[in-house]
Amino acid sequence: MSAWEAVVGLEVHAQLRTRTKLFCACPNEFGAPPNTHVCPVCLGLPGALPAPNEAAIDLALRAALALGGEVRERSVFARKSYFYPDLAKGYQISQFALPIIEGGAVPMALEGEARSAALTRIHLEEDAAKNLHVQGETVVDFNRAGTPLIEIVGEPVLRSGAEAEAYLRALREVLVFIGVNDGNLEEGSFRCDANVSIRPKGEERLGTRVELKNINSFRFVRKAIDHEVARQAALRESGGEVVQETRTWDERQERTVAMRGKEEAHDYRYFPDPDLPPLVVDAARLARAEETLPELPAAMRARWVETLGLTAQDAGVLAAHPAIAAYFEAVATGLGEAAGLKPAKAGKKAANFVMAEVLRETATEGVEARFPAAAPEVAALLALVEDGTINGKIAKEVFAKMVATGEPPKTIVEREGLAQVTDTAAIEAVVREVLAANPKQVEQYRGGKTAVLGFFVGQVMKATRGQANPKAVNEILRALLAEG
Amino acid sequence: MSAGRWLDAGVVGAADAVAAGAVTAEALVGEALGRLRSDPHNAVLHVDGEAALEAAQQVDAARAAGEALGPLAGVPVALKDNLCQRGTPTTCASRLLEGWVAPYDAHVVERLRAAGAMLVAKTNMDEFAMGSSNETSAFGPVKNPWDPARAPGGSSGGSAAAVAARLVPGALGSDTGGSVRQPAAFCGLFALKPTYGRVSRYGLVAFASSLDQVGPFARSARDGARLFAAIAGRDGRDATSADAPSADWEGACARGVEGLRVGVPRALLEGASAGVRARIDAALEALKDAGATLVDVTLPHAKHGVSVYYLVAPAEASSNLARFDGVRYGLRVEEGGGLDAMYEATRARFGPEVKRRILLGTYALSAGYYDAYYLRAQKVRTLIRRDYDAAFEACDVVATPTAPTVAFPLGERTDDPLTMYLSDVYTLPASLAGLPAISTPAGLSEGLPTGLQLVGRAFDEATLFAAAGALEKAFGPLPSPVPAGPGEHAGEEGAS
Amino acid sequence: MSDAELSPDEVRHVARLARIALEDAEVEAQRAQLARILGHMAELDAVDVEGVEPTFHAVTEAPLRRDEVRPAEASREALLEAAPREVEGGFAVPQVMEGDT
């Protein structure tokens with residue numbers, strides 16, 4: 001066992017899902033052609049002024065409520081000054097001494113055990129523009145400039161790459177579920193920097209920390225931190241000292257590498273932004289945020305297990321994505337109502353069908369998902385099984401046709417004559433035909449080889465094109481064979 | 001009567017004449033353009049002839065069609081060159097913005113257009129509004145129309161000189177620490193620095209955001225009130241813009257001062273020259289004769305105004321001017337080297353005064369100095385604000401000179417920035433407190449204008465207009481510093 | 001009132017923070033004036049500010065804007081036209097490395 005303890009704290013930048021930017025009315029939208037979502041404000045033109053977007057404030061409040069942070073009634077926007085081409089005004093509007101949220105924690109599970117990791121603060125700030133590199137020049141696209149962010153600063157309480165990964169996954173899940181962030185690491189709407197240091201086990205004092213920047217996947221976060229911890233330990237063990245610096249993960253080389261050294265220590269000259277009076281969150285605004293806070297994923301999973309009859313594992317699968325979770329709930333509720341089932345029964349049946357049939361055909365993109373058929377239609381299909389109109393096997397066929405044609409299940413069942421035959425007289429006639437046509441097998445059955453029953457069932461189902469009620473077929477077969 | 005006479009009739013006079021059909025907007029604009037183009041005082045940086053004439057024709061067509069006209073319909077107005085006007089150069093009298101054409105309108109510009117004003121010119125100023133004499137302009141100093149060897153005051157010296165020289169009947173300036181009031185005093189004009197938040201700063205190139213306000217220049221309080229009414233009001237694009245009710249400011253000018261309590265901080269008046277003090281005493285007597293009472297008040301912390309202001313304003317300015325980096329607009333200087341070399345070479349083109357204030361402000365905000373300088377200054381600012389709160393228990397307006405002296409000779413203080421700063425002593429406290437303040441002519445001293453400054457309660461500009469109106473009535477109009485209808489002939493081409 | 005202590009290196013450091021190139025003569029000229037100005041401001045040290053809140057803002061509460069997209073007040077063409085150097089619809093500068101500045 002290593003003699004070193006890793007000390008890791010994460011800083012996460014999460015873009016807020018507003019319609020417009022934090023301080024201007026430009027669309028907050030990824031992927032537009034360069035510099036099409038720009039205006040005097042986000043381009044930092046002379047004379048332009050910031051006007052704060054209330055939706056960004058409300059989403060930050062949601063995050064505070066979900067993570068248990070304390071909301072400051074009067075928070076203050078501050079200017080953070082430095083020169084960089086992706087910064088339009090020569091300063092970033094952020095929060096410094098008085099952030100909107102303090103404290104809170106990320107609820108996470110580590111090897112099946114519930115734990116929570118404390119947060120220092122959450123503050124609002126504007127995103128920078130994007131520097132593109134074009135043939136020996138840097139070209140700046142300001143579409144992203146001014147996008148609202150919350151920066152979630154975690155306490156240095158994580159002890160390994162795996163813990164950091166679990167923390168990030170849990171945090172992302174919460175933010176995505178409450179509609180604050182779309183959780184897209186590739187597009188950079190959810191970004192993570194890690195402060196990593198080591199200390200001898202049992203030591204309280206923190207070691208010199210290294211900042212790991214631009215790590216854009218969960219896997220890389222784990223690997224980067226573990227490699228960095230190992231690098232620092234090797235360095236210390238060989239008598240070296242850790243230097244305070246910024247490093248990044250080089251996936252190709254599988255190691256962290258130092259980013260270009262800074263010529264001078266930063267002096268950001270933070271001061272309250274005189275263009276922005278204090279941000280006041282009154283009780284009414286906070287109450288509204290509480291009323292509109294969606295159910296958190298952990299609570300949702302617990303409720304499903306308790307009231308919808310799901311296993312913890314199934315609940316985990318269905319709650320992995322907010323749109324799928326909502327879809328599943330709609331199917332379960334629709335089925336319960338249409339078939340008069342108890343929630344536990346409807347939930348179980350809906351879960352089985354959604355996991356077995358629907359998810360295979362579902363595509364997710366960010367917080368959106370494209371389903372092969374609408375939830376009410378799937379509920380209607382499962383209700384047809386419940387009332388005996390069709391059996392489970394036919395349901396899968398009907399579902400395939402629903403996906404292909406977009407028609408409601410009832411239309412397909414009626415047009416194709418797929419309704420189950422429950423008329424015992426009709427089934428009995430078919431059974432008699434089948435028995436008459438297969439005297440050898442009848443002999444075998446009566447001679448004690450009852451396994452041939454399956455053969456007869458198959459023949460009957462074939463003759464009825466699968467529409468005979470299997471239960472009825474079984475009963476009638478047994479009765480007639482016993483008669484003989 | 002010729003267009004020149006109507007142009008000399010002031011803001012309200014010209015608007016009335018256009019409304020009555022006594023003169024066309026086109027003739028009025030033509031006359032103003034002629035005078036602006038032959039401006040001998042270097043007051044004007046850009047004349048917007050074509051667009052203004054087109055706008056004038058629209059006013060004339062609207063009148064011919066019987067449509068209702070705006071309160072400033074046909075009135076030529078000049079704008080300080082730190083106000084963004086779409087399609088028009090906006091330089092802030094700086095090399096950094098030379099040639100930059102604003103792609104949008106400032107809020108006040110939108111409001112002036114809506115009121116029917118003719119936007120004829122952009123005026124010279126101290127670079128980025130940093131100066132008290134108009135000598136820091138990258139495009140040369142402005143001459144005072146009362147004496148071309150003297151400064152017109154600053155930083156809105158071009159707007160003041162343009163109105164004093166009767167190139168236009170009214171103009172807008174901006175006031176951060178006295179930049180409309182002091183030039184108004186030096187040029188014999190009325191000017192108002194509105195309550196902070198009364199006028200949107202959107203589109204005003206920022207100097208010090210917690211202090212900047214746009215204000216009007218005119219030759220009478222009533223003319224100033226007409227301009228002020230056009231530009232005042234809430235704007236959602238400026239988070240510091242207030243939702244305060246407007247008042248009948250024009251009407252207030254004729255209201256009189258019966259019962260008005262004028263607070264006089266005697267100790268502060270000691271700092272003014274004897275000539276200025278004599279005029280202030282005369283003005284106070286005149287207000288008393290008109291029914292006001294004089295009350296002694298003290299503003300014990302006002303004397304710290306210079307120190308507080310010259311920390312707070314440069315600190316904010318150092319940040320506000322960081323955007324002039326040669327990346328998105330304006331000047332870029334590349335002399336080889338990388339990005340940082342480009343930044344430094346570009347920003348080396350600020351003038352010495354702007355550099356000084358950026359250095360001073362950067363220093364005041366930098367690690368280790370923030371508490372001692374910036375934070376401390378902001379605390380003393382609170383004390384200055386409280387002094388006014390206390391004074392307004394006993395009076396309705398506080399009277400002082402606008403400036404300690406009459407207009408000083410050009411070049412006298414350019415090598416002595418501290419002395420220049422100290423001359424702002426009377427105007428800075430009201431700026432730091434966010435209060436409305438006017439400068440109104442207090443008569444001539446040795447042939448040069450003096451100004452009385454009156455500071456009012458927040459959003460009580462009406463009382464200031466009443467006092468200014470009363471003083472004008474008592475003193476009568478100042479003589480014109482320029483021959484009547486200067487360059488009148490030059491505008492005849494536009495007259496119908 | 002005496003001048004504040006201010007070294008040429010301090011002036012250079014502040015100029016560097018502000019990204020302003022200063023010639024040596026300028027450094028000395030600015031240093032002398034700034035030292036005089038800061039020397040005057042030392043008078044604030046004598047003011048009792050115990051327990052006094054700073055006035056950062058003249059207005060006490062920021063009004064909030066509704067989250068609605070509005071068309072930009074300036075055209076993209078006009079905005080890009082102002083660029084000292086435009087490349088492929090973007091604002092071009094000398095190449096920067098990640099981690100610069």
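Residues are numbered from 1 along each chain as its sequence is written, and chains are lettered from A, with ligands numbered from 1, in the order in which they are written. Because the model is predicted, local features need pLDDT of at least 70 and side-chain atom pairs count only at pLDDT 80 or more, while totals for chains, interfaces and linings use all residues; side-chain values use heavy atoms, leaving out hydrogens and water.

**Exercise 1. Find the domains of chain A.**

Step 1. Start with the bounds, which come from an automatic or database domain assignment. Domain 1 covers 4–285, domain 2 covers 295–415 and domain 3 covers 424–483.

Step 2. Now take domain 2 and domain 3 of chain A: their C-alpha centres are 34 Å apart.

**Exercise 2. Work out the strand order of the open sheet of four strands, and name its edge strands.**

Step 1. Recall the terms. Strands (E, at least two residues) and helices (H or I, at least four) are DSSP runs, numbered from the N terminus. Two strands pair if DSSP finds at least two bridges between them.

Step 2. Read across the sheet: the order is β9(A)-β10(A)-β2(C)-β1(C), and the pairing is antiparallel.

Step 3. Look for strands that pair on one side only. These edge strands are β9 (130–134) of chain A and β1 (86–87) of chain C.

Step 4. Zoom in on chain C. Two bridges link β1(C) with β2 (residues 90–94) in the antiparallel sense, and C:V87 is found opposite C:G90 of β2(C).

**Exercise 3. Describe strand β5 (residues 190–193) of chain B and its partners.**

Step 1. Sort the side chains by direction. B:F190 and B:L192 point one way, B:A191 and B:K193 point the other way, and all are buried. Buried means under 20% relative accessible area, exposed means over 50%, and partly exposed lies in between (1.4 Å probe, protein chains only).

Step 2. Follow the pairing with β6(B), which is antiparallel and has two bridges. Here B:A191 faces B:F217.

Step 3. Follow the pairing with β10 (residues 437–445) of chain B, again antiparallel, with three bridges. In this pairing B:A191 stands opposite B:S439.

**Exercise 4. Is helix α6 (residues 157–164) of chain B enclosed or open, and what does it pack against?**

Step 1. Count the buried residues. Eight of the eight are buried, so the helix is largely enclosed by the rest of the structure. Among them are B:G157, B:S159 and B:V163.

Step 2. List the surroundings. The buried residues pack against β2 (76–80), β3 (118–123), β4 (170–175), α7 (181–187) and β6 (213–218) of chain B.

Step 3. Check what comes just after the helix: B:R166 has a positive phi of about 60 degrees.

**Exercise 5. How many disulfides does the structure hold, and where does B:C84 stand?**

Step 1. Apply the cut-off: a disulfide is a pair of cysteine sulfur atoms within 2.5 Å. The structure holds zero disulfides over all chains.

Step 2. Examine B:C84. The nearest cysteine sulfur belongs to B:C92 and is 7.4 Å away.

Step 3. B:C84 is buried at 0% relative accessible area, and B:C187 is buried at 1%.

**Exercise 6. Explore some salt bridges.**

Step 1. Use the rule: a side-chain nitrogen of Lys or Arg within 4 Å of a carboxyl oxygen of Asp or Glu.

Step 2. Take A:E416 and A:K401, whose salt bridge has an N to O distance of 3.1 Å. A:E416 lies in the loop between α11 (409–415) and α12 (424–437), and A:K401 in helix α10 (residues 392–405), all in chain A, so the pair ties together parts that are 15 residues apart in sequence. A:E416 is partly exposed at 27%, and A:K401 is partly exposed at 27%.

Step 3. Turn to chain C, where C:R66 and C:E68 form a salt bridge at 3.1 Å, N to O. C:R66 is exposed at 57%, whereas C:E68 is partly exposed at 41%.

Step 4. Finish with a network: salt bridges that share partners join A:R79, A:D273, A:D275, B:R201 and B:D238.

Methods: Contact means heavy atoms within 4.5 Å.
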